[in-house]
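Please read them with the sequence and the model side by side.

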Amino acid sequence: MTLNGLDDLDRHILFALQQDARESSSNQIAERMGVSPSTVRKRIDRLEREGVIDSYRADVDYAKAGFDLQIQIVCTAPIPEREELTDGALTISGVVSVREIATGEANVVVRVVAEDNDDLNRIARELSDLGLAVSDEQLIRREEGTPYDGFEQAGGV
């Protein structure tokens, strides 16, 4: 399914779930869009089944949870091995996300939460042992996000 295959209701559902999946009920979405709650539930089921909605996650504030050391590790992976190496990086304790970059030499970005410098060194060593060449480490002070507003605009919400 592509964005072109989504109608206004699908887009509104995606926008509402991105804003707050925990508090966005089928009833609330249905009321705003003038459809039945069962229609919304069926659409959500379809969006999940077709992989448009990949998962639901808790957005953890690691600093408030006592983990002040959040690092972005920039790596280089050989192109033919990039997908396998990024999958492998996700198995390392402390790695919370991995992003594959389509261009440039620094083509893998690993987000890490570490307890201390020793823990950070262990994670960097494991990434290196896996086959990723670490080229930079950046301390993350703060990170914020927002829902993709293209769903809101396209959905007329």
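1. How many bridges join strand 1 to strand 4? In this predicted model, strand 1 (residues 69-76) and strand 4 run antiparallel and are joined by 6 bridges. Within this pair, Val74 of the chain stands opposite Asp136 in strand 4.

2. The sheet to which these strands belong is an open one of 4 strands, arranged in the order 2-3-1-4 with antiparallel pairing. Because strand 2 (95-100) and strand 4 (133-139) stand at the edges and each has a single partner strand, one side of each is left without a neighbour in the sheet. From one strand to the next, the twist averages 20°. As background, strands of a sheet pair through backbone hydrogen bonds, either parallel or antiparallel.

3. Helix 5 (residues 117-130) lies across strand 1, strand 2, strand 3 and strand 4, and it runs at about 150° to strand 3.

4. The largest nonpolar core has 17 residues, and those touching the most other members are Ile73, Val110, Val112, Leu120, Ile123, Leu127 and Leu132. Strand 1, helix 4, strand 3 and helix 5 each supply at least two residues of this core. Leaving aside residues up to four places away in sequence, Val112 has contacts that include Leu69, Ile71, Ile73, Val96, Leu120 and Ile123.

5. There is also a second, separate core of 14 residues, among them Leu17, Ile29, Leu47 and Ile53.

Key:
Residues numbered from 1 in each chain as written. Predicted model: local features only at pLDDT ≥ 70, side-chain atom pairs only at ≥ 80, totals over all residues. Heavy atoms only, no water. Pairing = 2+ DSSP bridges. Axes fitted to C-alpha atoms, helices over the stretch in contact; angles between N-to-C directions. Contact = heavy atoms within 4.5 Å. Core = buried A, V, L, I, M, F, W, Y, C linked by side-chain atoms within 4.5 Å. Buried < 20%, exposed > 50% of the residue type's maximum accessible area, 1.4 Å probe, protein only.
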